[in-house]
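The points are grouped by topic.

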Amino acid sequence: MSVDGPERAHAIKRRGHIVIVGASLAGLRAAETLREEGFTGSLTMIGDEPDQPYDRPPLSKQVLLGMVPAEHTALPRRREIDAEWRLGVPAAGLDLDAQRVRLADGQEVGFDRLLIATGVRARPWPNESERDLDGVFVLRTNGDAARLRRRLAARPRRVLVIGAGFMGSEVASACRELGLEVMVAERGPVPLVGALGGVIGSVVARMHREHGVDLRCRVTVTALEGNPAGRLRRAHLSDGTAIDVDAAVVCLGSIGNTDWLAGSGLAAGPRGVACDAGCRVFDVNGIVTDDVFVAGDVARAPNPLYEYNFLFLEHWGNAVAQAEIAGHNMISCGSARRPHLAIPAFWSTQFGVSIRSVGVPTFSDEMMVMQGSLEERRFVAAYGHRGRITAAVAFDQAKWLDFYRDLIMAAAPFPPSFVPVDRPPVMRSMSPEFPDPALPSHGATVTITGHLPNDQRVVFTPARA
């Protein structure tokens with residue numbers, strides 16, 4: 001790696017070649033930021049999908065409901081980026097020393113600066129033969145959404161949703177809105193337990209059941225069975241029962257798209273690519289690189305509000321904010337660079353209820369309902385850790401979240417000392433009831449994680465006498 005400095009940063013800004021691997025939300029917003037801030041060099045966008053950048057949140061909502069075709073979810077452009085687009089061919093390798101990205105078709109693309117924005121992919125059903133049955137789906141890409149929409153429009157007799165995280169719950173909600181019979185299998189005690197805890201997860205469980213979902217918790221799917229023609233017909237459950245199903249949607253979380261970085265020397269693994277607060281990637285020995293940056297769902301970045309733990313965020317807003325920081329820092333140096341210190345924020349709509357969060361709910365050991373009522377499913381709950389507020393979750397009360405965001409940023413005390421509007425008759429601190437982090441759960445959109453200890457290249461040599 002070349003030593004970074006003002007002269008080199010200026011040269012790259014004027015006539016350098018920047019390569020962005022990942023042509024989705026983070027990649028597009030970073031490219032726009034580069035051009036907005038005066039980058040006049042050449043820009044190459046590499047993407048494994050054949051489509052121009054599109055928006056993913058509508059896929060599990062408007063697209064499944066037939067309100068918007070999957071091909072009409074293109075992201076709006078803030079400006080032209082004057083880039084070479086190399087779509088439909090994924091990156092297959094990275095040579096850090098030569099500063100070249102190798103593509104799956106054997107071609108190579110050199111760079112002066114590289115942005116990794118490859119995001120995540122849906123975790124597939126683990127049994128490959130069962131995964132290939134006609135009727136087994138995942139939901140991540142617009143192609144996935146289009147295929148699932150066609151199957152739902154054909155009115156299957158029963159849909160099985162495997163996993164009750166945010167994606168699984170949104171799919172179940174869409175199925176019920178379409179009038180379809182749906183069963184949800186969740187290995188945890190309640191939906192969203194890995195993301196929001198058992199207290200709020202119990203509220204979501206009631207929502208499922210009141211809207212006609214056959215919700216089965218503490219149950220896993222052990223096998224998917226097809227007919228002789230290879231079409232899904234039955235699912236076998238861990239409680240010994242079997243149910244007839246025409247479609248199954250696998251919602252088991254995601255995996256970082258980092259396979260192409262194997263052997264590159266970067267701190268990359270299934271839970272993303274580790275970087276500093278300025279989006280510069282660490283190598284496997286924890287040394288920051290000067291020419292390789294990361295942004296979006298695939299990034300793992302430290303946040304001082306959460307004791308400098310690495311946060312792995314699958315949030316739309318985080319992808320945009322981090323991409324803008326990465327784009328700025330790629331053509332800046334020294335004190336001109338900025339840190340990415342945004343507060344995580346997330347939203348979901350299920351069964352007609354707007355669910356929004358700020359902060360990191362999993363970084364907590366207490367919670368308190370501050371406004372409204374759990375029973376009425378209209379409330380704001382604050383989360384705390386070691387005496388300070390760390391997150392807030394709102395059901396149909398989004399207007400208050402900016403206030404709680406300010407409290408989180410100020411490290412305000414928990415329990416909060418103010419008297420809230422619409423306070424419940426009894427306010428008490430309670431456990432949020434998160435599962436043991438050592439146990440698998442579905443649906444966490446924020447994961448606190450460190451560097452993989454088994455991915456290390458440091459070699460200690462004994463001193464010679």
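The side chains of Asp55 and Trp316 are joined by a polar contact of 2.7 Å. The model in which this pair occurs is predicted.

- Asp55 belongs to the loop between β2 (42-47) and β3 (84-87).
- With a relative accessible area of 19%, Asp55 counts as buried, because the class covers values under 20%.
- Beyond its neighbours within four places in sequence, Asp55 is in contact with Thr73, Ala74, Leu75 and Trp316.
- The C-alpha atoms of Asp55 and Pro76 are 8.9 Å apart in space, while the two residues are 21 residues apart in sequence.

**Two buried threonines**

- Thr33 is part of helix α2 (residues 25-36), and its relative accessibility of 3% makes it a buried residue.
- A polar atom of the Thr33 side chain lies 2.9 Å from the backbone oxygen of Arg29.
- Neighbours within four places in sequence aside, the contacts of Thr33 are Arg78, Glu324, Gly327 and His328.
- Thr258, by contrast in setting, is found in the loop between β17 (254-256) and β18 (268-269).
- Thr258 is also buried, at 6% relative accessibility.
- When residues up to four places away in sequence are not counted, Thr258 touches Ala268, Gly269, Pro270, Gly272, Val273 and Val298.

**Nonpolar cores**

- In soluble globular proteins, nonpolar side chains tend to be buried together.
- The largest nonpolar core here has 54 residues, of which Val159, Leu196, Ile200 and Phe395 touch the most other members.
- Helix α7 (residues 198-210) gives the most to this core, with 6 residues.
- Apart from this core lies another, of 25 residues, including Ile20, Ala30, Leu75 and Cys279.
- Val159, one of the residues named for the largest core, is in contact with Leu152, Cys175, Leu180, Glu181, Val182, Met183, Ala247 and Val249, leaving aside neighbours within four places in sequence.

**Cavities**

- Rolling a probe the size of a water molecule over the atoms shows where empty space is left.
- The structure holds 2 cavities of 30 Å³ or more, and the largest cavity contains about 90 Å³ of space.
- The lining of the largest cavity consists of Gly296, Ala299, Ala301, Pro302, Asn303, Leu311, Leu313, Asn318, Gln322, His340 and Ala342.
- At least two lining residues come from each of β22 (299-303), β23 (309-313) and α8 (316-330), and β22 gives the most, with 4 residues.
- By residue class, this lining has 6 nonpolar and 5 polar residues and no charged ones.

**Backbone geometry**

- Most residues other than glycine have a negative phi, and most peptide bonds are trans.
- The peptide bond from Phe414 to Pro415 is cis, with omega near 0 degrees; Pro415 is placed in the loop between α9 (401-409) and β29 (446-449).
- Glu307, although not a glycine, has a positive phi of about 55 degrees.
- Glu307 lies in the loop between β22 and β23 and is partly exposed, with a relative accessible area of 40%.
- Arg386, although not a glycine, has a positive phi of about 50 degrees.
- The loop between β27 (378-385) and β28 (388-395) holds Arg386, which is exposed at a relative accessible area of 66%.

Methods:
Residues numbered from 1 in each chain as written. Predicted model: local features only at pLDDT ≥ 70, side-chain atom pairs only at ≥ 80, totals over all residues. Heavy atoms only, no water. 1 Å grid on protein atoms, 1.4 Å probe; cavity = no way out; pocket = protein on both sides within 12 Å on 5 of 7 lines; lining within 4 Å. Points joined across faces, edges and corners; volume = space filled by probe spheres on them. Nonpolar A, V, L, I, M, F, W, Y, C, P; charged D, E, K, R; others polar. Buried < 20%, exposed > 50% of the residue type's maximum accessible area, 1.4 Å probe, protein only. Contact = heavy atoms within 4.5 Å. Polar contact = N/O pair within 3.5 Å; in protein donor to acceptor, adjacent residues only side chain to side chain. Core = buried A, V, L, I, M, F, W, Y, C linked by side-chain atoms within 4.5 Å.
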